Amino acid sequence: MNELRLRFCDGEQPDLMLGAGLHALGRLPTGLGPVDAEQPWLLQLCNDRRGIWLTVADDLRGVHVNGRPVQHVAMLRAGDSIHVDGGELLLTAVSDPGKTLPAANATHDTASTGQRLILRGIGGLHHGRSISLEKPCRIGCGSDADIRIEGNGIANHHALIEALNGHAVLRDAQADVMVNGHRTRQAVLQAGDQIAFDAQQRFVVEGTPLHAAAGNAAMQAHPDYDDEAEEYPRSSRQRGLGRMPWLLLAAILLAAALSGLLVFGAR
């Protein structure tokens with residue numbers, strides 16, 4: 001992913017390239033647009049090694065990112081929609097144009113990439129949910145869809161996302177899907193890419209290292225694994241708790257001995 005840009009959806013301003021550093025937006029005669037550091041600003045976007053950070057001016061209200069209110073600071077990703085001052089801003093990124101779709105009969109070779117691909121919901125009905133792409137994932141409003149979403153223009157079998165040759169692939173879309181802020185019906189996806197089916201139904205592609213996934217599975221298979229405490233083995237914690245009274249008794253005896261020595265020395 002490269003060339004992060006901010007698109008002014010009202011068309012009054014050209015796209016703003018978000019290079020490294022701080023970018024300020026304020027009210028201009030033509031609407032919201034870039035301003036100098038000395039001018040009053042409404043929004044600031046900082047592009048650093050951690051990502052894109054949005055800062056909202058203290059006296060500004062009604063700012064939303066993907067339909068969720070933001071009062072002061074939010075971290076953004078490509079594909080996010082920002083509503084402010086009655087207008088919409090869209091953070092876009094251009095993915096590697098050299099990627100071509102794998103053949104439909106390609107295989108999902110996780111060993112070559114060392115990661116397992118998942119979709120994580122970041123908006124809409126599936127917010128917070130993680131869906132594995134170990135098998136093809138059908139998305140739509142039909143009862144047989146693996147991920148059911150509803151909305152204007154959503155078909156029963158709206159799109160298919162599957163992992164092929166270590167990449168997530170979007171194909172067979174019945175209508176335009178927004179990938180990192182760009183309309184498309186097919187794409188090769190990578191970790192960090194955002195897929196939006198409408199203003200609310202949003203997902204991001206994530207990669208989980210295979211060794212971490214295997215470690216989690218092994219931990220959960222342990223007979224003493226405590227799912228609520230998210231640690232194991234429970235017997236080790238119990239043994240640690242069992243040693244506590246002995247340590248406490250030793251500390252009391254040591255304190256008593258020191259007190260006796262002090263009293264004897266005073267005499």
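Colleague: How many bridges join S10 to S11?

Modeller: This is a predicted model, in which local features need pLDDT of at least 70 and side-chain atom pairs count only at pLDDT 80 or more, while totals for chains, interfaces and linings use all residues. Residues are numbered from 1 along each chain as its sequence is written, and side-chain values use heavy atoms, with hydrogens and water left out. Strands are DSSP runs of E of at least two residues, helices are runs of H or I of at least four, and both are numbered from the N terminus, while two strands pair if DSSP finds at least two bridges between them. On that basis S10 and S11 run antiparallel, and the number of bridges joining them is 4.

Colleague: Which residue in the turn of the S10 and S11 hairpin has a positive phi?

Modeller: Within this pair, the bridge partner of Val84 in S11 is Gly87. The hairpin leaves 2 residues between the strands, and the one in the turn with a positive phi, of about 55°, is Asp85.

Colleague: Which residue in S10 does Val65 stand opposite?

Modeller: S10 also pairs with S7, in the antiparallel sense and over 2 bridges. In S10, the residue that stands opposite Val65 is Ile82.

Colleague: What is the relative accessible area of Asn180?

Modeller: Asn180 is found in the loop between S18 and S19, and its phi is near 55°, a positive value in a residue other than glycine. Asn180 counts as buried because its relative accessible area is 1%.

Colleague: What does the twist average from one strand to the next in the sheet of 6 strands?

Modeller: The 6 strands form an open sheet in the order S13-S12-S22-S21-S18-S19, with antiparallel pairing. Strand S13 (130-132) and strand S19 (182-184) are the edge strands, each pairing on one side only. With axes taken as lines fitted to C-alpha atoms (for helices, over the stretch in contact) and angles running from 0 to 180 degrees between N-to-C directions, the twist from one strand to the next averages 30°.

Colleague: What is the volume of the largest pocket?

Modeller: A 1 Å grid is laid over the protein atoms alone, and a pocket is an open set of points with protein on both sides within 12 Å along at least five of seven lines, whose lining residues have an atom within 4 Å of a point. Of the 22 lining residues, Glu88, Met178, Asp198, Ala199 and Arg202 lie nearest the centre, and the elements that give two or more residues to the lining are strand S10 (81-84), strand S11 (87-94), S18, S19 and S21. Grid points are joined across faces, edges and corners, and a volume is the space filled by probe spheres set on the points. For the largest pocket, the volume is about 360 Å³.

Colleague: Which strands stand at the edges of the open sheet of 5 strands?

Modeller: The order of that sheet is S4-S3-S5-S6-S9, and its pairing is antiparallel. Each edge strand has a single partner, so one side of each is left without a neighbour in the sheet; these strands are S4 and strand S9 (73-76).

Colleague: In S4, which residue is the bridge partner of Ala24?

Modeller: Strand S3 (residues 21-28) and strand S4 (residues 31-35) run antiparallel, joined by 5 bridges, and form a hairpin with 2 residues between them. The bridge partner of Ala24 in S4 is Val35.

Colleague: In S9, which residue is the bridge partner of Ile52?

Modeller: Strand S6 (residues 51-56) runs antiparallel to S9 and is joined to S9 by 4 bridges. In S9, the partner of Ile52 is Leu76.

Key:
On a 1 Å grid over the protein atoms alone, a cavity is a set of points where a 1.4 Å probe fits but cannot get out, and a pocket is an open set with protein on both sides within 12 Å along at least five of seven lines; lining residues have an atom within 4 Å of a point. Buried means under 20% relative accessible area, exposed over 50%, partly exposed in between (1.4 Å probe, protein chains only).
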